[in-house]
Amino acid sequence: WNAGFSSIEASSYVSTSIAIAYTAPFLGAILADSILGDYWTILFGVWVLYLPGMILIVLTTVPHLFGSAFDFVSLDIGMLFLWPVGTGIIKSVVNVFGAK
């Protein structure tokens, strides 16, 4: 029970996720500075994006939980949107929040 990626495909997939995570702090800075504030941006990043993304990634490892075939859509949502965007949002705000 796996995604059937070759090592090159898996490496590309993870690299894309990391690239999104290192680009997303711009979104976190905009949210924290002009819309939500530091505290609420961190909570939003953790509870709405990061944790659901991690849970979704973990749940895709359970065989046949989302159907008889490997669920690429859930893995894509978790690995290429929720987790990296949540990581980026938290990354940009948590250091400044801790220093205040």
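The largest nonpolar core has seven residues: Ala-3, Tyr-13, Ile-57, Phe-70, Leu-75, Met-79 and Trp-83. Helix α4, residues 72-99, gives the most to this core, with three residues. A nonpolar core is a set of buried Ala, Val, Leu, Ile, Met, Phe, Trp, Tyr and Cys residues joined through side-chain atoms within 4.5 Å. Helices are DSSP runs (H or I, at least four residues), numbered from the N terminus.

The model is predicted; local features need pLDDT of at least 70, side-chain atom pairs count only at pLDDT 80 or more, and totals for chains, interfaces and linings use all residues. Residues are numbered from 1 along each chain as its sequence is written, and side-chain values use heavy atoms, with hydrogens and water left out.

Aromatic rings are the next topic. Rings of Phe, Tyr and Trp (its six-membered ring) pair if their centres lie within 6.5 Å; planes under 30 degrees apart are stacked, over 60 edge-to-face, and the rest tilted. By this rule there are five aromatic pairs. The rings of Phe-5 and Tyr-13 form a tilted pair, with centres 5.2 Å apart and planes at 40°. Phe-5 and Phe-72 are also tilted, at 5.9 Å centre to centre and 50° between the planes. This pair links the segment before α1 (7-23) with helix α4, across 67 residues. Phe-5, Tyr-13, Phe-70 and Phe-72 form one aromatic cluster.

The table gives accessibility: buried means under 20% relative accessible area, exposed over 50%, partly exposed in between (1.4 Å probe, protein chains only).

| Residue | Relative accessibility | Class |
|---|---|---|
| Phe-5 | 34% | partly exposed |
| Tyr-13 | 14% | buried |
| Phe-72 | 36% | partly exposed |

Terms used:
Helices (H or I, at least four residues) and strands (E, at least two) are DSSP runs, numbered from the N terminus.
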